[in-house]
Amino acid sequence: MPVSAPSETGCYVAPMALRPVLLFPDPRLKRLSTPVEQVTDALRELAADMIEVMYDEPGIGLAAPQVGEAIRMVVMDTEWSDDGNDRDARVMINPEILEREGSLVWTEGCLSVPDFQADVERAAQIAVRYTDLDGKEVVEECSELRAVCFQHEIDHLDGLLFVDRISRLKRNLYAKKRKKALKLEEEEGVAQGGPL
Ligand SMILES: [Zn+2]
């Protein structure tokens with residue numbers, strides 16, 4: 001999920017090659033991700049890459065399938081702000097919702113769904129279980145934004161985007177808009193000799 005307000009930090013530092021975030025309607029976003037069986041160095045590396053991408057976008061959560069890896073891992077930091085010192089990204093492996101209670105409507109966005117937000121109904125409170133990078137099992141209860149973020153990111157692992165949870169009419173309108181934008185991007189890209 002993106003942070004709710006776009007970041008306006010002025011200075012731009014050329015980024016190291018970050019993993020690109022897949023964008024709707026990329027079919028790889030619809031895959032069912034497989035459970036992680038072992039915490040390996042490669043997995044730690046992927047988690048570190050994902051955290052970098054999340055802060056760079058900027059976002060408060062990112063799921064592995066969004067960077068093309070169909071495995072059940074997400075990274076989240078629902079508290080960080082742009083001033084920099086309070087970053088506390090958590091890595092959640094094989095996250096699973098154990099309990100849901102109540103419901104709320106939250107206006108969601110997604111790093112994989114450009115230029116769109118919509119109200120989505122979610123459970124208001126959840127209990128979630130996951131394994132951290134040290135292989136320790138954690139059970140967490142949460143509500144509000146953090147509960148919404150967990151549900152949104154776990155949906156990614158099941159091949160679902162928040163646009164799959166809104167009306168078909170709204171989803172189709174967005175898909176059309178996105179198609180147009182992509183076509184325009186392509187034409188402009190051609191006119192300018194392609195992106196650098
Ligand atoms: Zn998302």
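This is a predicted model: local features need pLDDT of at least 70, side-chain atom pairs count only at pLDDT 80 or more; totals for chains, interfaces and linings use all residues.
**Asn-94.** Asn-94 sits in strand 3. I then looked up its backbone angle: phi is positive, about 50°, although Asn-94 is not a glycine. I reminded myself that most residues other than glycine have a negative phi.

**Glu-144.** Next I turned to another positive phi, that of Glu-144, with a value near 50° in a residue other than glycine. I placed Glu-144 in helix 2. How many C-beta neighbours does Glu-144 have inside 10 Å? I got 12, so Glu-144 counts as exposed, since the cut-off for that class is 12 or fewer.

**Cis peptide bonds.** Phe-24 and Pro-25 are joined by a cis bond, with omega about 5°. Pro-25 belongs to the segment before helix 1. I also have a cis bond between Glu-57 and Pro-58, where omega is about -5°. I located Pro-58 in the loop between helix 1 and strand 1.

**Helix 1.** I read off 16 residues and a reach of 23 Å from the first C-alpha to the last. The expected figure is 22 Å at 1.5 Å a residue, so the helix comes close to it. Which residues of helix 1 are buried? I listed Leu-46, Ala-47, Met-50, Val-53, Met-54 and Tyr-55. I then asked what covers them, and my list includes strand 1, strand 2 and strand 3.

**The core.** Last, I went to the largest nonpolar core and noted 38 residues. Met-50, Leu-62, Val-74 and Val-75 have the most contacts inside this core. For the elements that give two or more residues to it, I wrote down helix 1 (41–56), strand 1 (61–63), strand 2 (73–76), strand 3 (90–101), strand 6 (125–131) and helix 2 (144–157).

What does Leu-62 contact, leaving aside its neighbours within four places in sequence? My entry reads Met-50, Val-53, Met-54, Val-74, Val-75 and Leu-111.

How values were computed
Residues are numbered from 1 along each chain as its sequence is written. A nonpolar core is a set of buried Ala, Val, Leu, Ile, Met, Phe, Trp, Tyr and Cys residues joined through C-beta atoms within 7 Å. A residue is buried if 20 or more other C-beta atoms lie within 10 Å of its own, exposed if 12 or fewer, and partly exposed in between; C-beta atoms are placed from the backbone. Helices (H or I, at least four residues) and strands (E, at least two) are DSSP runs, numbered from the N terminus. Two residues are in contact if their C-beta atoms, placed from the backbone, lie within 7 Å.
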